[in-house]
Structures are given as C-alpha cells and as structure tokens.
Amino acid sequence: MSRISNLSIKQLSRKFDEKLLCPKEHTLEVFKNIKRNNNDINAFITLSEEFALKKAEESANRIALGKKLKLDGILVACKDNFCTKGIRTTCGSIMLKNFVPTYNATVYDKLEKAGAILVGKTNLDQYGMGSGTVDSIFGPTKNVWSENLNNPRICGGSSGGSASAVAANFCSTALGSDTGGSTRNPASYSGVIGFKPTYGLLSRHGLIPLVNSMDVPGILTKTVDDCVDIFNTIAGPDDLDSTTIKKSFNPIELSENFNLKNVKIGIPKEYNCEGLTSEVLEAWTKMADFLEENGARVEEISMPYTTASIFVYSILNQCEVASNMARYDGIEYGHRADDESSTENLYSKTRAEGFNGVVKNRILAGNYFLLRKNYEKYFLKALKVRRLVSDDFKKAFSKIDLLLTPTTLSDAPLLSDFTKNNNRDQCAVQDFCTCPANMAGVPALSIPIKLSSNNLPISLQLMGPNFSEKLIFNTAKFIENRVDFYLNYNKLKL
Ligand code: GLN
C-alpha cells in the first residue's frame, strides 16, 4: 500500500504546501493503485482519469501561484447517484446507463470549487435500494477486508463503492447517500467513518432522489478529522434545495481538550436485538464501559418504537419510490425502449427494460399502499408511527446527549450467503440500527472499533439530536484516538 495515499487530508495538504508532493504526481500514483486493484474490488462504475489529471494540473498551477484552495489536490469519489456535469451518472441502472448530467450536484460542486479532484463515480445498489452493493448492473462491489476475494464479503450498501474506494485508498473521501443507512452500513463493514448529517444541513440538489423526506448526502473518510473538513466544505443552505436549513452554517472546530465529563450517553436496550452477534454486543458493552470510565454518564434507556421502524421505513420508502420513479418514462431522458406503437407501450416497455426487480417491486408495493382504499390504512398510519419513532428520539434527548448503538448486527456477511435472501429480507436486518435516525432526521456517525475474529471491521454508531454534529465528532474523535483502528489498514494487502 502506498504510504502517500494513506495520509489524511491535512497531511496531504501540508505536503502540497511544502512542495514535497505535487497534485499531479499524487493523482498519477493513486490511479496506478486503482488500476492495479479496482478490478478485484469493483468500487467504480466510471473512472474520470483524464478529467482528474486536468484538475490536478489546475491545482498545481494554483499552488505554484500561491493561490491554493482548501482542497487543492485532494482526491474524491462520488456515489453514482450524484449528478456530475459531463460525467455519466447511472444509479447502477439500465435506465440511466448513458445519462450524462448537464449540472453538478451542489455538494459535489462545492468540493470541486474547493479544489478537490474527482477520480470517479462509485458503484451502488440500483438507485440506492439495498444494503450490500450487490444489485447494480455493473456487478457487486467486494469488501476490501475479504479473506478471499474469490469468495468475497459484501462491502455493505448502498454506498458500497464509496466505502470500498476510501478503504482501498482510491481517494481521501467519497460522497455517499443515506436514506436508511446507506452511508453508515457500508462504512461499518468496510472499516471507515460514515457520517449522516442532520436532515437539511447538506443540499440534496443533484442527488437523484430515493425518499425525499429521508435522503441526505453522506460522507465517508478514514478519520474523523477528514470527515469534519469535508462536512465544513459542503454544508449550508442552498437556493436550489428548498429543504436545506436556511440559517448559515458555522464551520465546526473540534475541541483541543475535549473530555466526556458532562456528556450523558444513552444505551437503548431495543438495539440489543435478535441477530446481534456476541462480538458486536461485546464491542458495544466494552465501549459503553470505556466511556463511563472516562467520565461520561452512561445509562440504559428505552426507545420502544425502534422495532416498528423497519416496517414503517419500508412502507414510506416504497410510497416515495413509487412517486419518484414516475419521472422515468423514456421521453425526456434516460433509456428509451424501441417501441413507438403507442405512448403506453413506450412507457411500459421502457420501464420494464430500465429497472431491475427490486425497483419494480418497490414501485408496485408503493402504488398499492397509495391506492385510495389503502392510503389511510398504510401510508397515513406509517406517517403516524414515524412520528412516534421520532418522539422516541425527542424523549431520549431530553435526558441524554448522545446514543451509542451498534451500526450493523455483525461483521460483513459473505456475498454468497447475503444474496440467498431477497432485498427486503436483507434490508430488514441491515437497516435495523440505522433507519430510525433517518425517520427522525437526526445526525449519526459510524466509527470502526476493532477487527472481529474473521479479521473484519466491527463498528459502532453515535447518534445525537439535530445540530449536535460537534458533540458527535468530538466524541468520535475521542474514541478514534483510543481504539486506533486506523492502524489496521497496514494489514490490507492492497
Ligand atoms: N437499505 C435501505 C433501502 O434499501 C437503505 C437505502 C439507503 O439508505 N439508500 O432502502
């Protein structure tokens, strides 16, 4: 593994400042690594090498002129559901296989304007519907920690390409999206930081929608510091997304001498659920003890609607999916079937060819829930229970500051085992600990803690009330400094 590409954003930036490294040299070296290893991992759908080298040249020129931008020379990847001007954006689907956007998603645009260099677009479950990165027309992405890449582990999903790209040192950071856990789940399995902000702090403009009321862009990095740097660069109001929070965003600075003295941490007992492995339970319990030993007040609490979350999430997800997917009709953009015998035939053939079975199932189920006779029974009822889930968080945060839970119930499953179950059953297990935060809109972060007996990452999740990002990051950094998971990357053979 290259030592240079394993440096943090600040360390790399310093090397550029001191002229010890030039963005072009760095970019070329990382592309060498990508070419050597990406075939095994399949993290990318599209690589943008030519574009990246052009951007690296621009960064180098700015540095030479003393006009360096904050992220000049820093390599980033973007999940392939963020629009990137002139670079195809597929959502892992036939429908958008050749779709080339004419504009950038705001969050990516902010990275580009800060000097960051796009290495490519990463693999995902089709339209972000999944939790394994196994349902893309470009094939599955493999977990970089797999003992044997011929019998690989899943990397988690749906932002699995982004998580793998960060873990494999194909970039310093990658954007993911998080509707029910899609940033935190692959972060957990891939041993990287996965952060979902408070809903509305990051613009969704140009993020191809899955569930508008829950979607947020997510950030994947190796370290908490890197995550804060990227978050500070891309957060804030956006006129192009009316759901962004209007107040201007104050960049977060981590406290030099943070301690856990007055921090109250809740351990919600419902997260100790069926299927939680003893290794994850042990990591969770030990971390709770460790935080207590270091001054935090740790107490067990109850969030009784946690177990209802998965059902409610599934209904609301499918309803919003049914409505969002209506735009793909073969007329304006995307795939168009070869059948112009009638408008109806064109629509139906286009959609039959363009979507995979998972997407079609969700559209069908969503439309069923939204039928006039079912609307109240399913959709309205699910909205009411969503409120109860959200109230669970409100009540919890009136007593405690942060929640500590597992992110996933186990280490990464084998791809061959995972794909024996259908998408709905996969999600029911994978999203258990992550989807409640999306329904409440609160921020959450997954942090790797240790390696399991299979030598695979085990991670935990911190959640806090809206706008508690600073406390989450400070606490995560406190944990990161003590667990030193980062050092395990030296064991990877990539
Ligand atoms: N697994 C969930 C789903 O398929 C989460 C998706 C996501 O967060 N994009 O809906």
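Modeller: Ground rule for strands: two of them pair if DSSP finds at least two bridges between them. Strands (E, at least two residues) and helices (H or I, at least four) are DSSP runs, numbered from the N terminus. This is a predicted model, where local features need pLDDT of at least 70 and side-chain atom pairs count only at pLDDT 80 or more, while totals for chains, interfaces and linings use all residues. Residues are numbered from 1 along each chain as its sequence is written, and side-chain values use heavy atoms, with hydrogens and water left out.

Colleague: Fine. Which residue in S6 does Ala174 stand opposite?

Modeller: Leu220. S4 and S6 (residues 216–221) pair in the antiparallel sense, over six bridges.

Colleague: And in which sense do S2 and S4 pair?

Modeller: Parallel, over three bridges, with S2 covering residues 75–79. Cys78 has Leu175 in S4 as its bridge partner.

Colleague: How many of the residues of S4 are buried?

Modeller: Six of six, across residues 173–178. Buried means under 20% relative accessible area, exposed over 50%, and partly exposed in between (1.4 Å probe, protein chains only). Thr173, Leu175 and Ser177 point one way, and Ala174, Gly176 and Asp178 point the other.

Colleague: OK, rings now. How many aromatic pairs are there?

Modeller: The count is 21. Rings of Phe, Tyr and Trp (its six-membered ring) pair if their centres lie within 6.5 Å; planes under 30 degrees apart are stacked, over 60 edge-to-face, and the rest tilted. Tyr271 and Phe432 are edge-to-face because their planes are at 75°, with centres 6.3 Å apart.

Colleague: Where do Tyr271 and Phe432 lie?

Modeller: Tyr271 is in the loop between strand S7 (264–268) and helix H8 (278–293), and Phe432 is in the loop between helix H14 (423–430) and helix H15 (435–440), so the pair ties together parts 161 residues apart in sequence. Tyr271 is buried at 0% relative accessible area, and Phe432 is buried at 10%.

Colleague: What about Phe290 and Phe478?

Modeller: That pair is tilted, since the planes are at 40°, and the centres are 6.2 Å apart. Phe290 sits in helix H8 and Phe478 in helix H16 (residues 469–483), so parts 188 residues apart in sequence are tied together. Phe290 is partly exposed at 21%, whereas Phe478 is buried at 7%.

Colleague: Which residue lies over the face of Phe478?

Modeller: Arg482, at 3.8 Å from the ring centre. The rule is NZ of Lys or CZ of Arg within 6 Å of the ring centre and within 35 degrees of the ring normal. Lys222 also has its charged end over a ring, that of Tyr489, 4.4 Å from its centre.
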